[in-house]
Amino acid sequence: LFPYLRHMQNRYVVIMAGGLGTRFWPISTSQMPKQFLDVLGTGRSLLQQTYDRVAALFKPEHIFVSTHTSHQALVKAQLPHLPLHQIICEPYRKNTAPGIAFAANKLHAINPHATALFLPSDHLVLDIPAFQAAVLNCFEAAETQSGLYTIGITPHRPDTGYGYIQYR
C-alpha cells in the first residue's frame, strides 16, 4: 500500500480545454467552444464530464485545466470548485504540443517528480470503468518504465486532422 500512496503524490492530470470552436461550428463558437457545451444533453458539458471521469482517480489538488486566457472564466463557471491556480492559462494559441509543454513546465515547478496525464476535454468516453483502468495502467507503466503512453482507439485510416500513431 505504501508504494501506491507514494505514487499518488506524483500523479497529476491536465485537462486540455483550449479549443477554438471551429470544428463543430455553428454550434461551437470561439466564445463558447464545444468543450463548454452540453452536446449530449446530459446536463454536463464535455469539460465537466471529463472532470467527472478523472475525479475518482486523482486528488482534487492534482487536477488542472489548461485553457486560453480568454476561457478562464468559462472554466471557473463550469468547475467552480477548481481553484484559480489550477487553471493554467496559455497566453497564446500555439496548438496541442506547445500547450502540453507549457502545462508540463507549470507542473514541474509544482512537483519535479510529477507523472502527468494530458487529456482532451472534448472526447466521448462511454465505458468509464475501462477508461479509468487504462489510465491507472498507464500510470503504473510510466512509473516503472519512463516513456510516453497513449490511450485511444485503434485508427482505421490516417487522418491529418486528428492524427494517429502507427506502431509495430
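How many residues does helix α4 have, and how far does α4 reach from its first C-alpha to its last? The points below come back to this after the overall layout.

1. Basis of the note. The model is predicted, so local features are described where pLDDT is at least 70 and side-chain atom pairs count only at pLDDT 80 or more, whereas totals for chains, interfaces and linings use all residues. Residues are numbered from 1 along each chain as its sequence is written, and side-chain values use heavy atoms, with hydrogens and water left out.

2. Overall layout. The protein has five helices and four strands, and from the N terminus on these elements run α-β-α-β-α-β-α-β-α. Helices (H or I, at least four residues) and strands (E, at least two) are DSSP runs, numbered from the N terminus. Of the 168 residues in the protein, 33% are buried, where buried means under 20% relative accessible area, exposed means over 50%, and partly exposed lies in between (1.4 Å probe, protein chains only). Among contacts with a separation of 6 or more, 58% are made by residues 24 or more positions apart; a contact here means heavy atoms within 4.5 Å.

3. The sheet. The four strands form an open sheet in the order β3-β2-β1-β4, with parallel pairing. Strands β3 (87-90) and β4 (115-120) stand at the edges with a single partner strand each, so one side of each has no neighbour in the sheet. From one strand to the next the twist averages 25°. Two strands are said to pair if DSSP finds at least two bridges between them.

4. Strand β1 and its partners. Strand β1 (residues 11-16) runs parallel to β4 and is joined to β4 by six bridges; in β4, the bridge partner of R11 is T115 and that of Y12 is A116. Four bridges join β1 to β2, again in parallel, and I15 stands opposite V65 in β2. Strand β1 is mostly covered, with six of its six residues buried: R11, V13 and I15 point one way, Y12, V14 and M16 point the other way, and all are buried.

5. Helix α4. To return to the opening question, helix α4 (residues 96-110) has 15 residues and reaches 21 Å from its first C-alpha to its last, close to the 21 Å expected at 1.5 Å a residue; the expected span is 1.5 Å times one less than the number of residues. The buried residues of α4 are G99, A103 and L107. Seen down the axis of α4, these buried residues fall within an arc of 70°, so they line one face of the helix, the arc being that of the directions from the helix axis to the C-beta atoms. The buried residues of α4 pack against β1, β2, β3 and β4, whereas the face turned away from the buried side carries the exposed residues A97, N105 and A109.

6. Helix α2. Helix α2 (residues 46-55) lies across β1, β2 (63-68) and β4, running at about 170° to β1; axes are lines fitted to C-alpha atoms, for helices over the stretch in contact, and angles run from 0 to 180 degrees between N-to-C directions. Eight of the 10 residues of α2 are buried, so this helix is largely enclosed by the rest of the structure. The buried residues, which include L46, Y51 and V54, pack against β1, β2, α3 (72-78), β4 and α5.

7. Two single residues. Leaving aside neighbours within four places in sequence, T67 is in contact with residues including A17, F36, V75 and C89. A134, by comparison, lies in helix α5 (residues 128-144) and is partly exposed, with a relative accessible area of 23%. The C-alpha atoms of A134 and I151 are separated by 7.1 Å, these residues being 17 residues apart along the chain.
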